[in-house]
Structure formats: C-alpha cells, structure tokens
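Please open the structure in your viewer and keep the selection tool at hand.

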Amino acid sequence: MQGLHLTADLHGCRCAMAWLTEAAALGAFCTEAVKTAGLQVVGQQLHTFPATDLGPGGVTATVLLAESHLCVHTWPEQRAVTLDVYVCNFGADHSDKAHALLAALLQRFDATQVQQHRLLRGTPPER
C-alpha cells in the first residue's frame, strides 16, 4: 500500500471566480488535468454549496482515480482552495504524475500563498 499523498492549502486565489464556484467547469478541468498527468479517471463526483451571507457557495470536486484520488474544495468567499492528491504506487511509481497534477492545479488557482505537504504512506512491499 505504498503511496504518495500531496496536499496544498491555497489563499488569495487570483483565478476567475468561476473556478471557485462552477462545479461543471472545475470538474472538467480536474478530469483533463488528471488525464494530462497520465493518471486514469474512474469516476467523478461534484457538489456545489449554497450561497451564504458571505458570498457564493463553494464546490467540492472529487475525481476517483485507478491510482487513488483527487479532491478539491473551494471557498470563494475567502478566495481559498484545499487540494488533496493521493496515488498508490502498487503497480508502478506514480509520484511524478501526482506532482504534475498538483502543479497544474496550483497554476489554475494562481494563489498568493501556498502551503504544501508531502506524506509518504505505507511501506514498500517485501519481495
């Protein structure tokens, strides 16, 4: 079950507001970014939150990958996003693909502040 888990918390996102509020657009971008990174989409779930007194509602976009998952959560009223990319490296090392996917997402949201974390999960299988 060895894998790589990348997370990023983004603040001050300078992207168009649509990337923070429009589930269909965000979902399409995520799917294309996954494919461009060389990972395999298995499914997708999108959820839009209702607007509040603070502004428009955000979006949760989850892409299920053959290799694991991508989750994106947006807070348009704060111009903030959290990103979660996890790949298991059972059949092959997908680490470079996970980094490429995260890089595409970081570029899309164009945040002024980014806090990233990298966690190696599990241990290599004994052979």
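The model on display is a predicted one.

**Stop 1: an aromatic pair**

By the rule applied here, the structure has 1 aromatic pair. Select Trp 19 and Phe 29 and display their rings: the centres are 5.7 Å apart and the planes meet at 65 degrees, so the pair is edge-to-face. The reasoning rests on the angle, because planes over 60 degrees apart count as edge-to-face. Trp 19 belongs to helix 1 and Phe 29 to helix 2, so that the pair links parts of the chain that are 10 residues apart.

Keep Phe 29 selected. Is this residue buried or exposed? Phe 29 has a relative accessible area of 16% and is therefore buried, since the limit for a buried residue is under 20%.

**Stop 2: the nonpolar core**

In soluble globular proteins, nonpolar side chains tend to be buried together. Here the largest nonpolar core has 32 residues. Select Leu 70, Val 72, Leu 83, Leu 101, Leu 105 and Phe 109, the members that touch the most other members. Two or more residues of this core come from each of strand 1 (3-11), helix 1 (18-21), helix 2 (23-36), strand 3 (59-65), strand 4 (68-75), strand 5 (80-88) and helix 3 (95-109). Which element gives the largest share of this core? Helix 2 does, with 6 residues.

Next, centre the view on Leu 105. Leaving out residues up to four places away in sequence, which residues does Leu 105 touch? They are Phe 29, Cys 30, Leu 70, Val 72, Leu 83 and Val 85. Phe 29, from the aromatic pair of the previous stop, is thus found again among the contacts of Leu 105.

**Stop 3: strand 3 and its partners**

Of its 7 residues, 5 are buried, so strand 3 is largely enclosed by the rest of the structure. Strand 2 (residues 41-48) pairs with strand 3 in the antiparallel sense over 7 bridges. Strand 3 also pairs with strand 4, again antiparallel, over 5 bridges.

Ala 61 is the bridge partner of Leu 46, and its bridge partner in strand 4 is Val 72. Strand 3 and strand 4 form a hairpin, with 2 residues between them.

Then move to Ser 68, which is in strand 4. Ser 68 is not a glycine, yet it has a positive phi of about 155 degrees. With a relative accessible area of 18%, Ser 68 is buried.

**Stop 4: strand 5 and its neighbours**

Select strand 4 together with strand 5. They pair in the antiparallel sense over 8 bridges, and Cys 71 has Asp 84 of strand 5 as its bridge partner. Ala 8 stands opposite Leu 83 in strand 5.

Return to the hairpin of strand 4 and strand 5, where 4 residues lie between the strands. Arg 79 takes a positive phi near 50 degrees in this hairpin. Glu 77 is also found in the loop between strand 4 and strand 5. Its relative accessible area is 32%, and Glu 77 is therefore partly exposed. Apart from its neighbours within four places in sequence, Glu 77 is in contact with Leu 54, Gly 55 and Pro 56. The C-alpha atoms of Glu 77 and Asp 53 are 9.5 Å apart, although the two residues are separated by 24 residues in sequence.

**Stop 5: charged side chains**

Side chains of opposite charge can pair when their charged atoms come close. How many salt bridges does the structure hold? The number is 1. Select Arg 14 and Asp 110, which form a salt bridge with their closest N and O atoms 2.9 Å apart. The pair links distant parts of the chain, 96 residues apart: Arg 14 is in the loop between strand 1 and helix 1, and Asp 110 is in the loop between helix 3 and strand 6 (113-121).

Remain at Asp 110 for a moment. It is partly exposed, with a relative accessible area of 34%. Its phi is near 50 degrees, a positive value in a residue other than glycine.

To end the tour, select Arg 121 and Tyr 86. The charged end of Arg 121 sits over the ring of Tyr 86, 4.8 Å from its centre.

Note on methods: Residues numbered from 1 in each chain as written. Predicted model: local features only at pLDDT ≥ 70, side-chain atom pairs only at ≥ 80, totals over all residues. Heavy atoms only, no water. Core = buried A, V, L, I, M, F, W, Y, C linked by side-chain atoms within 4.5 Å. Buried < 20%, exposed > 50% of the residue type's maximum accessible area, 1.4 Å probe, protein only. Contact = heavy atoms within 4.5 Å. Phe/Tyr/Trp six-rings, centres within 6.5 Å; stacked < 30°, edge-to-face > 60°. Lys NZ or Arg CZ within 6 Å of the ring centre and 35° of its normal. Pairing = 2+ DSSP bridges. Salt bridge = Lys/Arg side-chain N within 4 Å of Asp/Glu carboxyl O.
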